[in-house]
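Q: I would like a close look at a single part of this model. Please keep it brisk.

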Amino acid sequence: SPSHPRAESAAIAMLGIALKALSERALVALSSLFTLLTVGSAFWLWWSIPDPNPQQIASLTIYAAFILAANWLVRRK
């Protein structure tokens, strides 16, 4: 069959656009997974200590603040 350079270059350009969109969506999904894992870890730590003493409560609060700061840094771009 005869070769169509315009069609081939258009197909390559569309493939490039599709791959760029897919990579951007994957990055958003990875960012959401990071948020889910970090917030889940903070929740699990709070839940796993049945009767926390004041020092544990302070440590868990500092960890939760660190998680919030990390998520804020990831999301702020």
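Which residues does Thr-38 touch, not counting residues up to four places away in sequence?

A: This is a predicted model. Thr-38 touches Ile-67 and Asn-71, once residues up to four places away in sequence are set aside. With Asn-71 there is also a polar contact: the two side chains are joined at 2.9 Å. A polar atom of the Thr-38 side chain also lies 3.1 Å from the backbone oxygen of Thr-35.

Now the setting. Thr-38 sits in helix H1. Its relative accessible area is 11%, so Thr-38 counts as buried, the cut-off being under 20%. Buried residues make up 10% of the 77 residues in the protein chain.

Leu-33 counts as partly exposed because its relative accessibility is 41%.

Finally, the whole chain. The protein chain has two helices and zero strands. Its C-alpha trace spans about 80 × 20 × 5 Å along the principal axes. The radius of gyration is 23 Å, whereas a compact globule of 77 residues would have one near 11 Å. The protein chain exposes about 6600 Å², and carbon and sulfur atoms supply 73% of that area.

Definitions and conventions. Residues numbered from 1 in each chain as written. Predicted model: local features only at pLDDT ≥ 70, side-chain atom pairs only at ≥ 80, totals over all residues. Heavy atoms only, no water. Buried < 20%, exposed > 50% of the residue type's maximum accessible area, 1.4 Å probe, protein only. Helix = DSSP H or I, 4+ residues; strand = E, 2+ residues; numbered from the N terminus. Polar contact = N/O pair within 3.5 Å; in protein donor to acceptor, adjacent residues only side chain to side chain. Contact = heavy atoms within 4.5 Å. Rg over C-alpha atoms; globule rule 2.2 N^0.38 Å. Areas by Shrake-Rupley, 256 points an atom, 1.4 Å probe, with all protein chains shown as cover.
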